[in-house]
Amino acid sequence: MGWLPDPVEALLEVALVGELTVVGRNGRPIAHPLIPLYDGERIFLHSSTLFSKKLEHIKREPRVSLALTDPVAMKGNADRATIQGTARVLEDDPHVDWEALILDLWRRKEPAIDAFLKARVALPLFFERAVIEITPERSLYWEGGDTTRPPVETRAPSEVAA
Amino acid sequence: MTATRSGSVPAHAPTAVDLDRLAAYPHVVVSWVDDAGYPVSVATSFRTDAAAGSVALTATALPIPDDRELSVMGSHIHPQPGIGYDERRYLQLWGRAADGTTFTPSRVWGWDETEVPFFEYAERSVPQSRRYLADLSREKGRTIRPRLSPFWLALRTTRLPFLSVTVIPVLLGIAVAATHGAFTWWTALLTLVGAALAHLGINVANDVFDTLSGADDANTTPTQFSGGSRVAVYDLVSVGGLVRIAVALFGAAAAIGLVLVAVTGSTTLLWIGVAGIVIGIAYTAPPLKLVYRGLGELAVVLGFGPLMLLGAYVVQADALAWEPFVLSLVPGIMTGLILFVNEIPDRRSDASAGKRTLPTRFSPEAIRAAYLVASLVAFGVVVAGVAGGLLPWPTLAALAAIPLALRVHEGLKVHYDSPYTLMAVMGANVNLNAAVGGLLLLGYVVAIVVAQLG
């Protein structure tokens, strides 16, 4: 099971957008607003091959972070968190694999996706997708979202043991 | 400016305009790469100073470093409970914060879906998808291409829904022949199938030539009515595959045509069939490339008017006549108007590919006026045909579609510059063609029934 603090899990459960930050080719941080999904242990994001530069960056440098910051995108929850972790790209078959991995989680947050999926013929490349699986390693949590105060830092049990 | 152009704010050195854009966001997320090599992010409030070209970041308990590059991003969505979200936009700036709070950006990039609709953003990103899948194929040691189910792929590749523009003139030709006492069901059916196959072959052949010319690649605002099938652009089907499909469709159409020529013994039919296929291919194929010279509408009027309708008539009646010719002008003009309107959203990419269609040559006012005149001419042909005793009076039912034509004309005034809102207008224009054709057919059915009763 996961180790993330309950309030951080609560943010992951409701967030429609989080900022995934990856490390670019020249070491530059590059942020991407994406819908985060959570299965209680791992965080999943996903990307069409149309917008796949982030996937290239992750394959080269798997250390990433996910920030949850916008109360509007989190049903008014004003708490904030940043989760650091290691990502891997799951894409053995970009046409179908993502459906088995994340479609159920995705439709819970964005039910309209089923209507888009039925009209797959209209935008076929949008549904050629890769899944980004993040194993969380460190969490920073700001209750009430006030980042002028120090965050509550939590590390994965494996990280602590190390 | 860099070559990055997929977003609505291409990557560039920031200006005061960009800082004004950023000021509209309620907070920013500041990110950097920490000493352990992980990105880390913190949200904070901010104030922009457009004159100084800087952003004052509120200091956070997690110290914002001053010795490395930062990303500062504003992001917005509008949640739609139970559905998802819309109104997506974001703006990302890169630079350094000299003292951890005074951030001076040196590069900016972003996307706002009110400026670049999602579909256009996706189309602009097609080259990235192709590159990525090519790299993934090398990585996996097998070819990985995008796919669609066979049904949807066939529908998309052949642009099957456009078959209505073939069905209408063929059925009208058969109906006119029936009023003249000539009707054989199986040759009528063969005519319909042969004409449909020829039309689908032409659609696929046109995609081959538009792909080779670069017109389809250059088009980043295709819609369900315009921009071709895009199956080659998306790499769903190779250009070679399209050629084989086109040859198979033409071959089947030609075989059916030859059967009909053999059955009727009509050399007129042979010439009509040859002319139809030649015009269909010459529409985009060199050396004529009719649509590239502003002659596409004329080719379509001829092909989907006189050639289709007279061809279907000749199969049944084994002769040419004035009535089917006059009648054929109506579906011909209406189908030409489908092309005419569908070329409007493609006009910029068409112009860049040297495809000098009428909307690339004339002003929006001239195009709208031409639409109104041409559609009224089509209705005028019906009135004149009935008044002249060539067309049966029930075909006047077609005039009931005039309000729809006027609605399309009005829609062109409002939506001319927006490919995506123009889609509804293009759809109404396709419906106009079906409505006029359907009402003309109804008129002929009534005429046949009246004649039987009489």
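I note the convention before anything else: a crossing is left-handed if the near helix is turned anticlockwise from the far one by less than a right angle, and right-handed if clockwise.

**Entry 1: ground rules**

This is a predicted model, in which local features need pLDDT of at least 70, side-chain atom pairs count only at pLDDT 80 or more, and totals for chains, interfaces and linings use all residues. Residues are numbered from 1 along each chain as its sequence is written, while chains are lettered from A and ligands numbered from 1 in the order in which they are written.

**Entry 2: chain A**

I listed the elements of chain A and found 5 helices and 8 strands. Helices here are DSSP runs of H or I with at least four residues, strands are runs of E with at least two, and both are numbered from the N terminus. The order from the N terminus is α-β-β-β-β-α-β-β-α-α-β-β-α.

Next I looked up the overall dimensions. The C-alpha atoms of chain A fill a box of roughly 50 × 35 × 30 Å along the principal axes.

**Entry 3: chain B**

Chain B has 16 helices and 8 strands. Its C-alpha atoms fill a box of roughly 95 × 50 × 45 Å, again along the principal axes. I get a radius of gyration of 28 Å for chain B, whereas a compact globule of 454 residues would have one near 22 Å.

I then checked the domains, whose bounds come from an automatic or database domain assignment. Chain B is assigned domain 1 (9-116), domain 2 (117-146) and domain 3 (150-453). The centres of domain 2 and domain 3 of chain B, over C-alpha atoms, are 34 Å apart. Their contact takes 9 residues from domain 2 and 8 residues from domain 3. Contact means that the C-beta atoms of two residues, placed from the backbone, lie within 7 Å.

On the domain 2 side, α2 (118-124) and α3 (126-140) of chain B each supply at least two residues. The largest share, 4 residues, comes from α2(B). By class, this side has 4 nonpolar, no polar and 5 charged residues. For the classes, Ala, Val, Leu, Ile, Met, Phe, Trp, Tyr, Cys and Pro are nonpolar, Asp, Glu, Lys and Arg are charged, and the others, Gly among them, are polar.

**Entry 4: where the chains meet**

I find 48 residues of chain A in contact with 50 residues of chain B. On the chain A side, the elements giving two or more residues are β1 (18-23), β2 (29-34), α2 (53-60), β5 (63-68) and β6 (80-90). That side has 27 nonpolar, 11 polar and 10 charged residues.

**Entry 5: helix pairs in chain B**

Two packed helices are described by the angle between their axes and the distance between the axes. Axes are lines fitted to C-alpha atoms, for helices over the stretch in contact, and angles run from 0 to 180 degrees between N-to-C directions. Angles under 35 degrees count as roughly parallel, over 145 as roughly antiparallel, 65 to 115 as roughly perpendicular and the rest as oblique.

I started with α11 (residues 322-342) and α14 (residues 364-387) of chain B, which pack at about 165 degrees with axes 9 Å apart. α11(B) and α14(B) are therefore roughly antiparallel. Their crossing is left-handed. Residues that meet include B:I333 and B:F340 in α11(B) and B:Y371 and B:A378 in α14(B). The contact divides into 15 nonpolar, 2 polar and no charged residues.

Then I took α5 (residues 164-179) of chain B against α6(B): about 155 degrees, axes 10 Å apart. That makes α5(B) roughly antiparallel to α6(B). This crossing is right-handed. Among the contact residues are B:V170 of α5(B) and B:L192 of α6(B).

B:A198, B:I202 and B:A205 in α6(B) meet B:G276, B:I277, B:G280 and B:I281 in α9(B). I count 5 nonpolar, 2 polar and no charged residues there.

Most residues other than glycine have a negative phi, and most peptide bonds are trans. A:K75 is not a glycine, yet has a positive phi of about 50 degrees. A:K75 is in the loop between β5 and β6 of chain A. The peptide bond from B:P286 to B:P287 is cis, with omega near 5 degrees. B:P287 lies in the loop between α9 and α10 (296-317) of chain B.

Methods:
Rg over C-alpha atoms; globule rule 2.2 N^0.38 Å.
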